[in-house]
Amino acid sequence: MIAGNRTINYLRISITDRCNFRCRYCIPSTPFSVIEHEKIARYEEILRIARIACNLGITKIRITGGEPFVRKDIFSFLEQLCAIESLKDISITTNGSLLNREKIEKLISLGIKRLNFSLDTLDPVKFEQITGRDRFQQVWDAIFTSHELGISPVKINAVILRGINDDEIEAITALTLKYPFHIRFIEYMPMGDSAVEKQQQVLTQEIKTLIESRFGELKPVKKGSNDGPAKKFQIRGAKGIVGFITPISSHFCAECNRLRLTSRGTLRPCLLNNYEKDIINPLRNGASDDELKEIILAALTKKPSFHGLSDPSTKGIPISHMTSIGG
Ligand code: SAM
Ligand code: SF4
């Protein structure tokens with residue numbers, strides 16, 4: 001599928017807006033309601049849309065949320081997703097708190113070889129302050145069990161916030177000296193009405209300078225075919241990779257190959273733009289595969305060439321929060 005001069009081959013599916021965590025940069029600070037159950041796309045509906053999207057050229061799917069593992073029967077859904085022959089790559093972004101050895105083994109047996117965990121601190125007390133939950137050990141164990149069982153790469157996403165975890169940049173980076181993990185520092189995106197101030201955003205250049213002053217020059221690493229927008233580097237002699245995801249300081253819109261399917265069953269061509277196209281209601285009202293295909297292609301014509309979030313006058317876009325779209 002083509003959008004402007006970009007080839008779209010990557011679909012991100014948020015299977016739920018529910019989450020067992022309350023990360024302060026993600027969840028709104030004011031009361032919010034979850035999407036009613038009947039409005040959430042059912043597994044068979046997601047699978048139908050995924051199959052049509054794969055016929056149109058999607059080869060890579062990431063499952064996200066909310067927290068994907070809070071949704072019931074996720075394993076039978078994943079099994080059916082993995083059965084789509086033309087799909088070359090299926091991965092999951094998770095907070096890791098609900099994954100144990102048995103579940104990780106099951107994922108591997110389905111053919112899922114890549115997992116992204118979110119972990120913003122190595123300190124259990126701070127972990128609870130950021131996520132609202134006392135689950136550091138479960139997440140830590142899930143990361144190391146995945147590594148031990150052969151998940152590769154194990155990616156770890158960290159959002160650095162001034163005054164909260166900016167004192168841990170070096171310690172988080174140092175994990176790559178010992179383990180082949182891909183640590184990815186993601187710039188905080190002010191969305192919705194989270195409890196985090198825009199001034200707490202720590203941009204990539206500051207993080208990179210700090211890392212280099214401690215560990216020496218970061219050597220650029222060539223991107224692989226499965227790589228997303230992270231700019232990748234390595235510390236001399238390290239086993240792992242340090243990556244930077246820079247939606248704010250250097251947007252990567254020109255190379256964005258993604259389309260999103262939200263848990264409400266809408267297609268969202270850009271995370272940071274509020275345009276969404278309804279696909280679930282036409283599907284529920286009997287649309288044919290060809291009609292659904294046209295809806296997907298029509299959504300892509302609305303993929304903006306760039307987002308406006310790096311504009312200093314932008315306070316953040318007032319959108320439905322990250323959990324319903326899928327980060
Ligand atoms: N619950 C899963 C998790 O935390 O990995 C998947 C969903 S979460 C929305 C996906 C990713 O979005 C996480 O790595 C999280 O750190 C990131 N994220 C959430 N809110 C963000 C924000 N405002 N700015 C930057 N990244 C954010
Ligand atoms: Fe939940 Fe992930 Fe958002 Fe944290 S970042 S609240 S784990 S969806």
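The model is predicted, so local features need pLDDT of at least 70 and side-chain atom pairs count only at pLDDT 80 or more, while totals for chains, interfaces and linings use all residues. Residues are numbered from 1 along each chain as its sequence is written, chains are lettered from A and ligands numbered from 1 in the order in which they are written, and side-chain values use heavy atoms, with hydrogens and water left out.

**Ligand 1**

- Ligand 1 has 18 residues around it, and those that come nearest are Tyr25, Gly66, Ser118, Asn157 and Met189; a residue is near a molecule if one of its heavy atoms lies within 4 Å of it.
- By class, this shell holds seven nonpolar, nine polar and two charged residues. Here Ala, Val, Leu, Ile, Met, Phe, Trp, Tyr, Cys and Pro count as nonpolar, Asp, Glu, Lys and Arg as charged, and the others, Gly among them, as polar.
- Strands β5 (89-94) and β7 (154-159) each supply at least two residues of the shell around ligand 1; strands are DSSP runs of E, at least two residues, and helices are runs of H or I, at least four, numbered from the N terminus.
- A nitrogen atom of ligand 1 sits 2.8 Å from a backbone N or O atom of Met189, and a nitrogen atom of the ligand is 3.0 Å from a polar backbone atom of Gly66.
- On the oxygen side, an atom of ligand 1 is 3.2 Å from a polar backbone atom of Thr94.
- Taken alone, ligand 1 exposes 550 Å², and the protein buries 95% of that (Shrake-Rupley method, 1.4 Å probe).

**Ligand 2**

- Around ligand 2 you will find Cys19, Phe21, Cys23, Cys26, Ile27, Gly66, Asn95 and Thr323.
- The shell of ligand 2 divides into five nonpolar, three polar and no charged residues.

**Helix α7**

- Thr204, Ile207, Lys208, Ile211 and Phe215 are the buried residues of α7 (under 20% relative accessible area; exposed is over 50%, partly exposed in between; 1.4 Å probe, protein chains only).
- They cover an arc of only 95° around the axis, so they lie on the same side of α7; the arc is that of the directions from the helix axis to the C-beta atoms.
- Exposed Gln205 and Ser213 are on the face of α7 turned away from its buried side.

**Ser250**

- Ser250 lies in the loop between β11 (241-245) and β12 (258-261).
- Ser250 counts as partly exposed because its relative accessibility is 32%.

How values were computed:
Polar contact = N/O pair within 3.5 Å; in protein donor to acceptor, adjacent residues only side chain to side chain.
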